[in-house]
Amino acid sequence: QDMVSATYQAALNLAGHSPDPTRLNGRAMHEDDLLRRSAEKNNPISEYYFRMSAAFVAYLFRDYDRAAEHCDSIEDFGTRFPAAYSSSVQAFYDGLVSFAMARKSAGEKRRRYWKERGRRAIQKFQRWSKDCPRNNAHKVLLLKAENFALKGRKSRKYRRRAAAAFRASAATAKENGFVNDEAIAHERAALFYQEIVGDNLLYKEHLYLSLSLYRAWGATAKVDALKTLVLSETAAANA
């Protein structure tokens, strides 16, 4: 039940049925209660599914530090249970969180740690995409785009590669029916154009595309968060 409730609460968070979308507290479960039951029953699987879902919602709502804490807690799960399908989902968000943390970390040592961790995720998905490109091709492209974006801070060549990889990831996700990952690809592209390239027109183009896709996915709380962001940026620009 706890394994299902974490996934269900993550969906409720996205739909706007939680006071804090970055925490899995609401109708289906409460974080402290689930962790207590997991410890009492010595059930690492239920904690794993909780932390995977918690990392996902924290990342999606840009609380990267919280997402990284959850990812760290279950980093070895894929090694312990390599046959679990969920290990590929975990690896994808672990890679995305790693590149987000590399972008925001101040010290060179921490940036290098997160970059190397993100690049290990790329290597995994390069292998998996050969066996199952429909599920994984867009994911490896998005992870590569994030890696190129980091290098693009000092290199026009890598900025071009990042832009191409973001476009390809979104297009491939669309082709294969992953509207959620298509939305994420456009949102990450928007941040790339805002923070690294400095192109406000392309930033807005990708941001509005991501907003439309999140709405189509049913992620009401994420749509509201992006609308609030747009309003605050507009107010700041007009101040």
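This is a predicted model: local features need pLDDT of at least 70, side-chain atom pairs count only at pLDDT 80 or more; totals for chains, interfaces and linings use all residues.
Residues are numbered from 1 along each chain as its sequence is written, and side-chain values use heavy atoms, with hydrogens and water left out.

The axes of helix 6 (residues 86-104) and helix 10 (residues 179-197) come within 13 Å and cross at roughly 10 degrees, where helices are DSSP runs of H or I with at least four residues, numbered from the N terminus, and axes are lines fitted to C-alpha atoms over the stretch in contact, with angles from 0 to 180 degrees between N-to-C directions. Helix 6 and helix 10 are therefore roughly parallel to each other (an angle under 35 degrees). Contact, meaning heavy atoms within 4.5 Å, joins Phe92, Tyr93, Leu96, Ala100 and Arg103 of helix 6 to residues of helix 10 including Asp181, Ile184, Arg188 and Glu195.

The structure holds 0 disulfides, a disulfide being a pair of cysteine sulfur atoms within 2.5 Å. Cys71 is buried at a relative accessible area of 5%, while Cys132, at 30%, is partly exposed (buried is under 20%, exposed over 50% and partly exposed in between, with a 1.4 Å probe and protein chains only).

His206 is found in helix 11 (residues 200-217) and is buried, with a relative accessible area of 8%. Beyond its neighbours within four places in sequence, His206 is in contact with His186, Glu187, Ala189, Ala190 and Tyr193.

Technical notes:
Helices (H or I, at least four residues) and strands (E, at least two) are DSSP runs, numbered from the N terminus. Angles under 35 degrees count as roughly parallel, over 145 as roughly antiparallel, 65 to 115 as roughly perpendicular and the rest as oblique.
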